[in-house]
Amino acid sequence: MSGPAMKALVHELSGRIRAAVRDGLQEVGSRYVAGTAKGGDAEFPVDVLAERAAWDFLRERGEPVAVYTESEGLRTIGRAPEHVLIIDPIDGTRGAAADLEMACVSIAAAPFGEAPTIGDIRYAMLQEIKTGNRLYADAHGAGIEAAGFPVPVPRLSPATDPARMFWSLEFNGHPAELMTGAYGHLIDASANTGGVYVFNSASFSVSRIITGQMDAYVDIGNRLLRDRPDTEADFRRVGHGSILHLFPYDIAASVYLAERAGVTITDAYGKPLHDTLLLDIGPLNQRSCIAACTPQLHAALIDSIRW
């Protein structure tokens with residue numbers, strides 16, 4: 001598939017998913033858990049609706065393509081697909097279920113091979129489900145294409161001081177006591193002179209750094225588990241039996257877009273996320289993430305967190 005054809009496919013697919021969610025949100029019991037996704041996260045009726053919309057659209061189009069989604073894993077359409085689409089139809093299901101802004105369609109595309117990684121991504125799209133605002137970039141052009149925002153995007157903040165930062169963090173599947181032990185002092189330092197938020201969406205969190213509304217995003221659960229294997233029981237307890245850290249589909253598109261925008265984004269060790277396998281959701285391939293508007297703030301966060 002040519003570059004323009006893939007770009008058109010990604011845009012149309014995102015629009016179809018968003019429209020299905022907006023149209024169907026009031027018709028499903030959106031706040032009631034309907035099951036469990038392959039990775040172990042809770043699956044809501046609106047997730048099922050969005051997954052179906054994505055698959056139906058791609059089957060109607062009939063383009064040879066591999067498709068990896070949160071609930072269904074890897075499927076293929078046609079013979080010898082050249083690309084794999086990594087789709088999180090709703091990143092931020094709880095936000096979508098509550099009809100809040102913090103929910104995005106997340107789509108990334110990479111050449112389809114034996115073990116594609118985040119570093120192989122060539123196309124990326126985030127589209128806000130409530131507003132329709134979108135961020136798009138691909139390997140055929142420079143910069144980011146943004147639509148719907150009231151100011152030019154990217155628009156990174158110059159913040160460097162953790163005490164003054166506006167930042168978001170993650171609690172889903174993360175033991176609260178363990179998390180606050182690691183960065184509770186940063187919450188205390190910034191809650192009044194900056195701002196602390198929990199969006200429950202990695203894509204939305206990272207995209208707010210790109211738009212200049214946030215300075216940083218922190219999800220350190222996976223590093224804490226790797227450093228302290230004795231915490232696994234606690235992570236499984238709050239994950240209802242599963243390890244629920246950042247899955248590849250959570251961050252595939254947002255990492256590509258963030259790097260294109262100039263955001264400093266790594267795992268919690270400060271290492272690039274490029275080697276993350278796109279088709280593996282096992283605990284060993286799940287990730288942590290620290291993203292910041294400036295290298296100085298990123299370094300300060302890694303230095304300040306109590307590992």
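How many residues of strand β3 are buried? The count is 5 of the 5, so β3 (residues 65–69) is largely enclosed by the rest of the structure. This is a predicted model.

**Strand β3**

- V65, V67 and T69 point one way from β3. A66 and Y68 point the other way. Both sets are buried.
- In a regular strand, side chains alternate between the two faces of the sheet.

**Neighbours of β3**

- Strands of a sheet pair through backbone hydrogen bonds, either parallel or antiparallel.
- β3 pairs with strand β4 (residues 73–77) in the antiparallel sense, over 5 bridges. Within this pairing, Y68 has L74 of β4 as its bridge partner.
- β3 and β4 form a hairpin, with 3 residues between them.
- β3 also pairs with strand β5 (residues 83–91), here in the parallel sense and over 4 bridges. A66 stands opposite V84 of β5.

**The whole sheet**

- The sheet is open and has 7 strands. Their order is β4-β3-β5-β6-β7-β8-β9, and the pairing is mixed.
- β4 and β9 (145–147) stand at the edges. Each has a single partner strand, so one side of each is left without a neighbour in the sheet.
- From one strand to the next, the twist averages 15°.
- β5 and strand β6 (residues 104–111) pair in the antiparallel sense over 7 bridges. I86 stands opposite A108 of β6.

**Helices on the sheet**

- Helix α5 (residues 202–210) lies across β5, β6, β7 (123–128) and β8 (134–138). It runs at about 95° to β7.
- Helix α8 (residues 248–261) packs on the sheet too. It touches β3, β5, β6, β7 and β8. Its direction makes about 105° with that of β7.

**Helices α1 and α2**

- The axes of helix α1 (residues 3–24) and helix α2 (residues 45–61) come within 9 Å. They cross at roughly 140°.
- α1 passes α2 in a right-handed crossing.
- The α1 side of the contact includes L9, L13, I17 and V21. Among the α2 residues they meet are V46, L49, F57 and L58.
- The residues of this contact divide into 12 nonpolar, 1 polar and 4 charged.

Key. Residues numbered from 1 in each chain as written. Predicted model: local features only at pLDDT ≥ 70, side-chain atom pairs only at ≥ 80, totals over all residues. Heavy atoms only, no water. Buried < 20%, exposed > 50% of the residue type's maximum accessible area, 1.4 Å probe, protein only. Helix = DSSP H or I, 4+ residues; strand = E, 2+ residues; numbered from the N terminus. Pairing = 2+ DSSP bridges. Axes fitted to C-alpha atoms, helices over the stretch in contact; angles between N-to-C directions. Contact = heavy atoms within 4.5 Å. Left-handed = near helix turned anticlockwise from the far one by under 90°. Nonpolar A, V, L, I, M, F, W, Y, C, P; charged D, E, K, R; others polar.
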